Amino acid sequence: MRVLFSSRPGFGHFHPLVPLALALQTAGHSVLFACSPEMVNVVRQAGFEAQAVGITDDESRARRVIEIPEFRDAAPNKLRSLAFPRVFADLEIPLRLQEMLELARWYKPELVVHEMAEFAAPILAASLGIRNVNHSFGPIVSSEIMTDAGLFAAKHWQAAGLPIPEKAGMYDGLYLDVCPPSLQEAHITSVARVQAIRSVPSADNAAPAPWLEELGKRPVVTVTLGTVFNKRLDLYKTLIEGLRDLEVDGIVALGPGVDIAAIGVLPQNVRVFSWVAWNTLLEKTSVLVGHGGANSMLGPLSKGIPLVVIPLGADHFVNAARIATANVGIILEEAHITPEIVRDAVKQALSPSLRASAQRIADEIAAMPSPAEVVPILEAYVSQKS
């Protein structure tokens, strides 16, 4: 079976697809990724063939500010309601679709798997008359946002000579749900075909550093703001200062584009790195302090790690609400954050009650089918008549 994976720009959009892509390759299937130009080498380093389509993340961000004036002054908690309809389901579709069609004519896929923010793939699959799979990376997007997305995507379906579907056709195929039940939104029941799939943190590609292996003599607090919202030096400094004098080891993973030297003098109990072996670090982590991105939520929770979350944009606010409801983390507001507030939140997150709640989510995730167990389901799905 030839499977075309499609991901819009960004590490957080690509990495959740990796476990299923690896499982398909292991089962003997062919996998090819259609991804943004700056992600091609990342995808290839993960072990897959890749072809560049569309524009880079930087180009998308520059264009949306010019072409969608509402973005200029939008509050962080409103960005998702703008991004899905106006950017993902409109601006980016024509910039990806033609190149994806040309790629598909050569590759001849039998199945298209796309992440939950990539709206060109359903049009591609419908044009080719093949099955498509929507692979989530967190809780399902609100019904209102997806309805708006469908309205903006309609002209692109019409341009392709196709009937206009509801919600941009994103739920017309199979929906792979990585979100454990306690974190999921109630309207998941409105999706016709849902298949649970376990969220599996990507394997570390390099051997862990010796210092990482030595952690564990006292609680480890990991701090990360991901790969998109990680340029906030002042916030990093506040989070680091909040760990001072606590009986913990603080490990800060800055992500790309941040100069370690700019962080300044560190407390004795904190170490800062651009990159760390994520899986190994999570095995040692007692509390994760972060922004609430889907990967930074599900990865720690899959290992029973409580969270301290400072939502900054994108899906962070939705995820933070689910985290609070499930009692698996402490939610802080960026505008009011101080080292003292961070210190108190970490102490709360280290409590047995939050650890027990996080372990409950870990048990839910462990009970979900693995990517390898989902492969035969996809094989059967492709073999079914439409």
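**Reading a predicted model: a dialogue**

Tutor: Leaving aside its neighbours within four places in sequence, Val248 is in contact with Arg218, Pro219, Val221, Leu243, Asn269 and Leu350. Please bear in mind that the model is predicted.

Student: Where in the chain is Val248 found, and is this residue buried or exposed?

Tutor: Val248 belongs to the loop between helix H11 (233-243) and strand S9 (249-253). Its relative accessibility is 2%, and buried means under 20%, so Val248 counts as buried. As for Ser302, 54 residues away along the chain, its C-alpha atom is separated from that of Val248 by 22 Å.

Student: One of those contacts is Val221. Which residue stands opposite Val221?

Tutor: Val221 stands opposite Val287 in S11. Strand S8 (residues 220-224) and strand S11 (residues 287-290) run parallel and are joined by 4 bridges. H11 packs on the sheet, where it touches S8, S9, S10 and S11, and its direction makes about 175° with that of S8.

Student: In what order do the strands of that sheet come?

Tutor: The order is S10-S9-S8-S11-S12-S13, an open sheet of 6 strands with parallel pairing. Strand S10 (270-273) and strand S13 (329-331) are the edge strands, each pairing on one side only. On average, neighbouring strands here are turned by 15° against each other, direction ignored. Helix H15 (residues 339-349) lies across S8, S11, strand S12 (307-309) and S13, and runs at about 150° to S12.

Student: How many strands form the sheet that contains S3 and S7, and why do these two have a side without a neighbour?

Tutor: That open sheet has 7 strands, ordered S3-S2-S1-S4-S5-S6-S7, again with parallel pairing. Strand S3 (49-52) and S7 stand at its edges with a single partner strand each, so one side of each lacks a neighbour in the sheet.

Student: Which helix lies across S4, S5, S6 and S7?

Tutor: Helix H17 does, running at about 150° to S5. In H17, the buried residues are Pro371, Val374, Val375, Leu378 and Tyr381. Seen down the axis of H17, these buried residues fall within an arc of 125°, so they line one face of the helix. The face turned away from the buried side carries the exposed residues Ala372 and Ser383.

Student: What covers the buried residues of H17?

Tutor: The cover includes helix H2 (18-26) together with strands S4 (111-115), S5 (131-135), S6 (174-177) and S7 (194-196).

Student: How many aromatic pairs does a search of the whole structure find?

Tutor: The search finds 7. Phe5 and Phe33 form a stacked pair, 4.9 Å centre to centre with 25° between the planes. Phe5 lies in strand S1 (residues 2-6) and Phe33 in strand S2 (residues 30-35), so the pair ties together parts that are 28 residues apart in sequence. Both Phe5 and Phe33 are buried. The rings of Trp106 and Tyr107, by contrast, have centres 6.0 Å apart and planes at 35°, so that pair is tilted.

Note on methods. Residues numbered from 1 in each chain as written. Predicted model: local features only at pLDDT ≥ 70, side-chain atom pairs only at ≥ 80, totals over all residues. Heavy atoms only, no water. Buried < 20%, exposed > 50% of the residue type's maximum accessible area, 1.4 Å probe, protein only. Arc of directions from axis to C-beta. Contact = heavy atoms within 4.5 Å. Pairing = 2+ DSSP bridges. Axes fitted to C-alpha atoms, helices over the stretch in contact; angles between N-to-C directions. Phe/Tyr/Trp six-rings, centres within 6.5 Å; stacked < 30°, edge-to-face > 60°.
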